[in-house]
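Let's take a walk through this structure together. Have the sequence and the 3D view ready.

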Amino acid sequence: MIYPMKRICFVSLLLPLLLVSCSDDKEATVEEESAEVSYRQVTLTEVMTSDAQPVTNTQTYLYADDLLTSYTMLQSFEANGEEMSMESTTSVTYSGNQVLVSDDSGNELTYTLDTDHGCATACVWQQGGGSVRQYTFSYTDTSAGKHLLSYLTETLEDASTPYSTVSIDYTDEQAPIISIRIDTYEQSYQLTVPTSSAGTANVSHLPCLFFTESYPLSVHAVALYGGLLGDAFDTLVTALQPTNNSESEEITTYTYTTDSDDILTSCVAKTVSYGSTYRRTINYEIGEVETEE
């Protein structure tokens, strides 16, 4: 199930690993894997305590032949002494230059890919309730050879002008500026993307956490995880800061732990704003699914 953001920043975390980058051979045959392995699986878990009752959010991404095929979100909690849960599933199917992302609430997002990089240039979101939103995407090629998402528009129904836009300026590739406009609201942020010698290598090609949690980009979190909206940064983002809200002294820092293969195992996001501190911890389990012979 795909939900719009209620705030600019924080929603349930969606951070799949082992993603594929955009390429013009999305459906190319990959090398045959071990007979015991049919696909990769990524599970991430976060205990959310912002409400009175803690909720454990578990998200699972499945990949086959280096393509994202499904996403499942499971939320579990205790109510009146009983264990309760809510689950939603999203499937991803590929056909020529189109990719369909559909969930069990009737939402369907159809992406059209370009022929040069295999990245989405447009998307139509047919919502379960019947309304339609349309999106366009543009990209920038960096000095390091990355093909990065740089512009998004969102248009509601048959409106003549976009309802929201996202613009990403990579003039300083270690400090990209993200400008978000939603209706009449505008806000800009600066990311800190360390150099390869100073940061944590993004060996699993994770999309930027802020991208996947910020409306309207959050609508396309599955597409980001599936490598449909450009390349990922070479290193993991370490900080995020508003550019026009100095009185809050707001800054979010990200601290990572990795295993011996440099695969991410946890992330602590700490936000300081107006003198208050907020923390969240996301744990990761990366593995390959074994099948019975």
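Predicted model: local features only at pLDDT ≥ 70, side-chain atom pairs only at ≥ 80, totals over all residues.

Residues are numbered from 1 along each chain as its sequence is written, and side-chain values use heavy atoms, with hydrogens and water left out.

Start at Gln-59, which sits in strand S2 (residues 55–64); a strand here is a DSSP run of E, at least two residues, numbered from the N terminus. Gln-59 has a relative accessible area of 1%, so it counts as buried (under 20%, with a 1.4 Å probe and protein chains only). Its side chain makes a polar contact of 3.3 Å with that of Tyr-61.

Next, look for the second largest pocket. Its lining has 15 residues, with Ala-144, Glu-173, Gln-174, Val-193 and Asp-234 nearest the centre. That lining splits into seven nonpolar, five polar and three charged residues.

Now for the cysteines. Cys-208 is buried at 8% relative accessibility, and Cys-267 is buried too, at 1%. If a disulfide is a pair of cysteine sulfur atoms within 2.5 Å, the count comes to zero.Cys-208 is also among the residues closest to the centre of the second largest cavity, whose volume is about 120 Å³.

A few terms to close. A polar contact pairs N or O atoms within 3.5 Å, within protein one able to donate a hydrogen and the other to accept it, and residues adjacent in sequence count only if both atoms are side-chain atoms. On a 1 Å grid over the protein atoms alone, a 1.4 Å probe fits in a cavity but cannot get out, while a pocket is an open set with protein on both sides within 12 Å along at least five of seven lines; lining residues have an atom within 4 Å of a point. Points join across faces, edges and corners, and volume is the space filled by probe spheres set on them. Ala, Val, Leu, Ile, Met, Phe, Trp, Tyr, Cys and Pro count as nonpolar, Asp, Glu, Lys and Arg as charged, and the others as polar.

Methods
Helix = DSSP H or I, 4+ residues; strand = E, 2+ residues; numbered from the N terminus. Buried < 20%, exposed > 50% of the residue type's maximum accessible area, 1.4 Å probe, protein only.
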